[in-house]
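Welcome, and please load the model in your viewer. We will go from one selection to the next, with a few words at each stop.

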Amino acid sequence: MFAVALAMLGDVHDAEDAVQDAMLTALIRIGDVRDPLAVGAWLRMIVRNNCRMKLRRVTTTALDAVPALLPHNVEMADPQAVLERHAERDRVWEALERLPHALRSVTMLRYFSTITRYDQIAALCGIPVGTVRSRLSDSRRRLSVSLLEADGLVRSGVTRLNDRRVHEARVAIMGLHAGTFHSELSRYWRADVQAVWANGRQFHGIEDIGRLLYPSMAEGVRFHLTSVVSSSTVAIWEMNIRKPLNSRTGCPPRTAWMLAYDDDQVATLRVFNATD
């Protein structure tokens, strides 16, 4: 597997990442293998697919990152197969919930958001790139063990939690656009929430964040939610930013907010702005 990855990518570290990603995928999809003699070819196929994605620089979403969880066409799918895939998805999220907070954050960014490059993850989390690598390596090891030990029971609470986090994100963005950011967020965010912006500037409290963003909103800048990924203690909002042609505000085209929860309220926020 490593030889295939190295031949395609030409970089040792990228090849190691591709193999580790492939092993996680293989552990999740091992039930798909019917012929033990075909395992070698099957593993190499997974590695090749991972390498092609890297070479195309395709940013991944939650479902893209774990091919086993891709839903079939609902009208054509066997109901039992659909249920099994939903169970697999919940097994993955149950395993993620058991990771320590620091490992969970980098794993969610790497596999379930578009902030997938190590330097981007490092910037958003405020840690060195080397720490990102070591945390992802530890996370893969723990997830592998956890998935192998999982009982496979469906956890509908995972879906309910993400639905709630999506609602919270939409309410926050609507409040930001309407100038009611503080009142809307007071139910979900701590009043003394600590925020670190992409430029390193720090803010304290919802009102402080609002004062930073309201001038841009007054000029017509708008956030458009594209993705929400969440666990019990971490949520990642990804948004496109649109501004009027005559706006003087220097806004990036995309932004990602990583929210950390304490007692089900947002306690800290870190912001990463994408420039490409």
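Start by selecting tryptophan 257, which counts as buried because its relative accessibility is 3%; buried means under 20% relative accessible area, exposed over 50% and partly exposed in between, with a 1.4 Å probe and protein chains only. A word on what you are looking at: this is a predicted model, where local features need pLDDT of at least 70 and side-chain atom pairs count only at pLDDT 80 or more, while totals for chains, interfaces and linings use all residues. Residues are numbered from 1 along each chain as its sequence is written, and side-chain values use heavy atoms, with hydrogens and water left out.

Which kind of aromatic pair do tryptophan 237 and tryptophan 257 form? They are stacked, 5.8 Å centre to centre with 15° between the planes. For such pairs, rings of Phe, Tyr and Trp (its six-membered ring) have centres within 6.5 Å; planes under 30 degrees apart are stacked, over 60 edge-to-face, and the rest tilted. Tryptophan 237 belongs to strand β4 (residues 234-242) and tryptophan 257 to strand β5 (residues 254-262), so the pair ties together parts 20 residues apart in sequence. Helices (H or I, at least four residues) and strands (E, at least two) are DSSP runs, numbered from the N terminus.

Zoom in on tryptophan 197 and phenylalanine 203, both buried. Their rings make an edge-to-face pair, 5.6 Å centre to centre and 75° between the planes. The structure holds five aromatic pairs.

For another ring, pick tyrosine 261: the charged end of arginine 165 sits over this ring, 3.7 Å from its centre. The criterion is NZ of Lys or CZ of Arg within 6 Å of the ring centre and within 35 degrees of the ring normal.

Then move to helix α7 (residues 118-125), where six of the eight residues are buried, so the helix is largely enclosed by the rest of the structure. The buried ones are Tyr118, Gln120, Ile121, Ala122, Leu124 and Cys125. Just after α7, glycine 126 has a positive phi of about 70°.

Stay with cysteine 125, whose relative accessible area is 13%, and then select cysteine 51, buried at 0%. How many disulfides does the whole structure contain? The search finds zero, a disulfide being a pair of cysteine sulfur atoms within 2.5 Å.

Finally, zoom out: the protein has 11 helices and six strands, and 43% of its 276 residues count as buried.
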